[in-house]
Amino acid sequence: MKKSLFDQGYLDEQFCQVEDLQDEASPNFVEEVVTLFLKDSGRLMSNIEQALEKYPRDFNRWDAYMQQLKGSCCSIGASRMKNECMSFRDSCGQGNVEGCMRAFQKVKREHAVLRQKLESYFQLLRQAGATGAATRSIK
Amino acid sequence: MMQGNIWAILDPQGLPESMTLVLRFQLQSPLTSSNLGGSFEQQYASPSCQIAGLKVLLIDDDDINLVIARKFLEKLGCVVSSLPSGSTSPNSVGASAASCQLVMVNLEMVRVNAFDVALRIRQSRSGRWPFVMAMTSEHNTWEKCAQSGINGVLKKPVILQELKDELVRILQST
């Protein structure tokens, strides 16, 4: 399953960097970071949603919020979501409201899909750990 | 190859008015083995030893970046502290930075101007410490960083080996 997450572009190499940080001192590091990311990005997205409504055409404000979200996606390797963030920022740069709205919908969609896939991934890892499966890597 | 940059400032007619050349040089340590004689091995700790125990202050407004950067640094043996988000007033930064050897600052913070922070740290610095390292996803920020007293730049997303290499480079070039 992990391989398909990479093959389909949901995650990139940066996720591996994060995984490499997991060790005996912090055995659940990856899941903790992902949980924090999903929560934080949810909050950022609702800030953006409010800003889109409350501050029409305030491209600087919209862009500033999205820059933060893009940064988080980048740090964790959330590749597809990052690309949609960049597309939103491009539309801000062009002063294109329609483009921003469309891109934001895509960001939300990618977030939802990524959340679902990562939650399944961790569930599989937990099951593999619990049953002490011989095959540790889940393809 | 020389890791430099050259640009021309054009006047209103589009003709070059002035040109600037920036070159990055790696400073070589003035001490050579012939000066030190038998104590050479003890004088120069390996780069990893220089990094271990380094006191680092992280300044970033993004929780994810903070958690991941902290873990990278701890992996290298650093002792990491971070400012609570929102407390980047001149006094709090100065006080926290004074007790550290390295300050790592995210250039793309929303409410805080990282270059201001870097300048303030440089101004209140006495002696060698702290160094300042910037993290950025933009290209071509090196000149602006150098003007603010920033000693090193890391491209985001941070990769462990690049972090280590940049730390070693900063620590070896005084």
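How many residues does the contact take from chain A and from chain B? The contact, meaning heavy atoms within 4.5 Å, takes 22 residues from chain A and 19 residues from chain B. The model is predicted: local features need pLDDT of at least 70, side-chain atom pairs count only at pLDDT 80 or more, and totals for chains, interfaces and linings use all residues. Residues are numbered from 1 along each chain as its sequence is written, chains are lettered from A and ligands numbered from 1 in the order in which they are written, and side-chain values use heavy atoms, leaving out hydrogens and water.

**The interface**

About 1,800 Å² is buried between chain A and chain B, and carbon and sulfur atoms give 61% of that area. Buried area is the accessible area (1.4 Å probe) that two parts lose on being put together, summed over both. Gln17(A), Leu21(A) and Gln68(A) supply 28% of the area that chain A buries against chain B, more than any other three residues.

Between the two chains there are two salt bridges, a salt bridge being a side-chain nitrogen of Lys or Arg within 4 Å of a carboxyl oxygen of Asp or Glu. Asp23(A), Lys71(B) and Lys75(B) are linked in a network of salt bridges.

**Salt bridges**

| Pair | Distance |
|---|---|
| Asp23(A) and Lys71(B) | 3.5 Å |
| Lys75(B) and Asp23(A) | 3.0 Å |
| Glu19(A) and Lys2(A) | 2.8 Å |
| Glu31(A) and Arg126(A) | 2.5 Å |

Over all chains, the structure holds 15 salt bridges. Glu19(A) lies in helix H2 of chain A and Lys2(A) in helix H1 (residues 2-7) of chain A, so their pairing ties together parts 17 residues apart in sequence. Helices (H or I, at least four residues) are DSSP runs, numbered from the N terminus. Glu19(A), at 19% relative accessibility, counts as buried, whereas Lys2(A), at 27%, counts as partly exposed. Here buried means under 20% relative accessible area, exposed over 50%, and partly exposed in between (1.4 Å probe, protein chains only). Lys75(B) is partly exposed at 36%, and Asp23(A) is partly exposed at 22%.

**Helix H6 of chain B**

In helix H6 (residues 114-123) of chain B, the residues Ala114(B), Phe115(B), Val117(B), Ala118(B) and Ile121(B) are buried. Seen down the axis of H6(B), its buried residues fall within an arc of 160°, so they line one face of the helix. The arc is that of the directions from the helix axis to the C-beta atoms.

Methods: Helix = DSSP H or I, 4+ residues; strand = E, 2+ residues; numbered from the N terminus.
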